[in-house]
Amino acid sequence: TRDVEFVKGGKDKKVTEANLREYVDAYAGYKVVDSVKDQMMAFRRGVSDVLGPEALSLFAEDEAELLVAGVHDIDVKEWRQFARYSGASRGHDLSPASELSEWFWEILESLDQDQRALLLKFATGSARVPPNGFAHLPGLNCECMFTLMCVGGEDDERLPSASTCFNHLKVPDYSSKEIFEDRLHVVFHYGAEGFSFN
């Protein structure tokens, strides 16, 4: 660990009711600006080297955020449009028309944006959609479409798992939509920070 003074002589100052606002402002400034200054300068140099020195001035703040971080609002129809399917459910190849697939999309439609983001992060490693949409989800060494995979037969006790390098969400052949929804809720509440959650 290292000590950081948010203000000159800060290590010798006690935070009191009277200077609390000054401390909060200094801490926020450190977290948002100073602690990432080197990374931001490297980013600016990289953009300048590739696109020219005036490139960043062409973008409004929200446009630059979109390019760097991707899209926050997750459109389930677009996600579904660019999804792939793998494995077998109820003895047939998993397809967009399979009951398990339909349950997945119905459940996804019922989630709020934050929950969708957690599920997307669990399956792909990123809580945001690339600026150019689901058709261009990055994978390990290339673009990889999101794939819903039915694996391991019917097993209502197993939780979904993921291969984030390939954007694969692996689910057992759940016996009901309610069980599927419950297992997905466990995943995005407790498993969105790891590579998989078995």
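Modeller: Strands β3 and β5 run parallel to each other and pair over four bridges, where strands are DSSP runs of E with at least two residues, helices are runs of H or I with at least four, both numbered from the N terminus, and pairing requires at least two DSSP bridges between two strands. This is a predicted model, in which local features need pLDDT of at least 70 and side-chain atom pairs count only at pLDDT 80 or more, while totals for chains, interfaces and linings use all residues. Residues are numbered from 1 along each chain as its sequence is written, and side-chain values use heavy atoms, with hydrogens and water left out.

Colleague: Which residue of β5 is the bridge partner of Met-149?

Modeller: The partner of Met-149 is Lys-170, and Ser-161 also stands opposite Lys-170.

Colleague: In which sense do β4 and β5 pair?

Modeller: Strand β4, residues 161-163, pairs with β5 in the antiparallel sense over three bridges. Their hairpin has four residues between the strands, and Asn-167 takes a positive phi near 60° there.

Colleague: Which residues are on the covered face of β5?

Modeller: Leu-169 and Val-171 form the covered face, whereas His-168 and Lys-170 form the uncovered one. In a regular strand the side chains alternate between the two faces of the sheet.

Colleague: Back to β3: is Thr-147 buried or exposed?

Modeller: Thr-147 lies in β3, residues 147-150, and counts as buried because its relative accessibility is 9%, given that buried means under 20% relative accessible area, exposed over 50% and partly exposed in between, with a 1.4 Å probe and protein chains only. Leaving aside neighbours within four places in sequence, Thr-147 is in contact (heavy atoms within 4.5 Å) with Arg-84, Tyr-85, Ser-86, Asn-167, His-168 and Leu-169.

Colleague: Switching to α5, how many residues does that helix have?

Modeller: Helix α5, residues 99-110, has 12 residues and reaches 17 Å from its first C-alpha to its last, close to the 16 Å expected at 1.5 Å a residue, the expected span being 1.5 Å times one less than the number of residues. Its buried residues include Trp-103, Phe-104 and Ile-107, and among the elements covering the buried residues of α5 are β1, β3 and α7.

Colleague: And why does Glu-106 count as partly exposed?

Modeller: Glu-106, also in α5, counts as partly exposed because its relative accessibility is 38%. The C-alpha atoms of Glu-106 and Leu-118 are separated by 17 Å, with the two residues 12 apart along the chain.
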